[in-house]
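This report describes selected local features of one protein model together with its ligand. Please consult the sequence and the structure shown below while reading.

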Amino acid sequence: MIITNHVLTGAVVGAMAPSVPAAVAAGVASHFALDAVPHFGVPDRYFMRLAVPDGLVGLAAIAVVAARTPADRRGRVLAGIVGACLPDMDKPSRQFFGRSPFPALLDDYWTTGTRASSTSRCAGSRSSCARPRSPSLPWFAASAVPRVAVMDLVALESRARDLLPQGVYDYYAGGAEAEVTLGEAGSAWQARRLRPRMLRDVSSVSTATTLLGTAVSMPIGVAPWALQGMAHPEGESATARGAADAGALMTVPTTATVPLEEVAKASDGPKWFQLYRVRDGAYTDELVLRAADAGYRALVMTVDLPVLGRRLRDLVNEFVLPDDIRLANHPPTDSLGERTLDGALGTIASTWTFDDVGHFAALTSMPVVVKGVLRDDDARQCVDAGAAAVWVSTHGGRQADPVVSSASALPAVVGTVGEDVEVYVDGGLRRGSDVLGALALGARAVFLGRPVIWGLATGGADGVRDVLVELTESLRLTMALCGVTDVRDVPPDLVT
Ligand code: GLV
């Protein structure tokens, strides 16, 4: 009972203080001293679940202490209690007003306090972390998660890591085999250098563009990450709202935890439907027709998962889907085997050929985007088979490994099909300079995967919006610094 502890220690130090101001100061100091062992090694979020009973017991403790304290000490005792409870105003204040009442200096205290307690939560007991059992997704005290000021997409990951169980975090963060592709994704963009243009009028810079004819505010879309309900109780619906708030396009995965029709209705923002083959061709065709009926504007065939990649983190963690999580676009199943990751994702292995590109292009009026292409000859065949766009991707480094980075695969694909169709890219883009580099290399847009998940985990729809807006602002600034005013007109020689 943390609040109760603070009340009692505040009362004791207040009683010993020589004056009321000293009692408040001593109370505040006692709060931080108690929290020096962050909640005795138990993650913050578990305590959040006790916040209401704890608060009630705390109030009762205050009443008892006030009644039993001699009148000459009562003022100092109450001042000590106020001081000890004052820092706890941070979380309700963030929750209700979106900001902390304390100076930025204290921010680190809150985040590192949480981190210190939660990173140790798996020590000696990996399996209990890897196999969350409660039906109520205990790691969410969603209402208690403070709103994150996104400053750095890399730092955001460590905040998300603090909030998620180890197995869930590893599923999102991990790659395949030795994770070489994953490790190189970001540095491949950073290895390129911009060649800024000077003496250009950059008083107005536009990030607006169109993707297959759909107007968007930014050339940055949301990639189709699986199982978003593990990051936030509202899953893909929250992502849809955040993307729409930012003016970005969202790609909704087949492996969503919310049915595709519900995600479609969650926001007015433009959406594409990402397709895996589910069980059999007929069921998959039905999914495509449902997506078209629900208003999705394009079909994104993911073609780099003929079988599931070997993700060692998930194997070591013996990761299973949390009890509340369902693949909402799959036919219902009671099969226990499908609770394992391999079992669940094994159902989406899509052994497609170029003929299937033609099949889906003929089946639906939605344009077909082929995602997961790394070679120029494949890109050409996709376009010849009917693809309206090609998406260069390593699947987040989660399939074959090591493979060429998206940054190094992009130029040849653009060189081969860039005149005929739009080309997109994802993988490791974290800064405006990465995005501008990708546009200079000929991408029409980039897509973000993990950072959106980290935004979702730390701030729900607002977190998703903040990530997209943050990266767009970074892009806008880099464009101005490089003498570029329109994302649809980035000169190829801007990058070496
Ligand atoms: C699914 O697409 C995954 O990569 O886990």
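Arg 488 forms a salt bridge with Asp 486, and their closest N and O atoms lie 3.1 Å apart. A salt bridge here is a side-chain nitrogen of Lys or Arg within 4 Å of a carboxyl oxygen of Asp or Glu. Arg 488 is partly exposed, with a relative accessible area of 48%; buried means under 20% relative accessible area, exposed over 50%, and partly exposed in between (1.4 Å probe, protein chains only).

The model is predicted: local features need pLDDT of at least 70 and side-chain atom pairs count only at pLDDT 80 or more, while totals for chains, interfaces and linings use all residues. Residues are numbered from 1 along each chain as its sequence is written, and side-chain values use heavy atoms, with hydrogens and water left out.

**Salt bridges**

The structure holds 13 salt bridges. Three of them are listed here, including the pair already described.

| Arg 313 | Glu 179 | 2.9 Å |

What does the salt bridge between Arg 313 and Glu 179 tie together? Arg 313 and Glu 179 are salt-bridge partners. Arg 313 lies in helix α15 (residues 312-317) and Glu 179 in the loop between α10 and α11, so the pair ties together parts that are 134 residues apart in sequence. Helices (H or I, at least four residues) and strands (E, at least two) are DSSP runs, numbered from the N terminus. Arg 313 itself counts as partly exposed, at 25% relative accessibility.

**Backbone features**

The loop between α10 (166-173) and α11 (180-190) also contains Glu 177. Glu 177 is not a glycine, yet has a positive phi of about 50°. With a relative accessible area of 33%, Glu 177 is partly exposed.

Leu 199, likewise not a glycine, has a positive phi of about 60°. Leu 199 is placed in the loop between α11 and β1 (209-211) and is exposed, with a relative accessible area of 89%.

A cis peptide bond joins Asp 401 and Pro 402, with omega about -5°. Pro 402 lies in the loop between β8 (389-392) and α19 (406-417).

**Ligand surroundings**

Which residues surround the ligand? They are Tyr 171, Tyr 276, Arg 311, Leu 345, His 395 and Arg 398, where a residue counts as near if one of its heavy atoms lies within 4 Å. This shell divides into three nonpolar, one polar and two charged residues. In this scheme Ala, Val, Leu, Ile, Met, Phe, Trp, Tyr, Cys and Pro count as nonpolar, Asp, Glu, Lys and Arg as charged, and the others, Gly among them, as polar.

An oxygen atom of the ligand is 2.6 Å from an N or O atom in the side chain of Arg 311. For the side chain of His 395, the corresponding distance from a ligand oxygen is 2.7 Å, and for that of Arg 398 it is 3.0 Å. Taken alone, the ligand exposes 190 Å², and the protein buries 96% of that (Shrake-Rupley method, 1.4 Å probe).

How values were computed. Polar contact = N/O pair within 3.5 Å; in protein donor to acceptor, adjacent residues only side chain to side chain.
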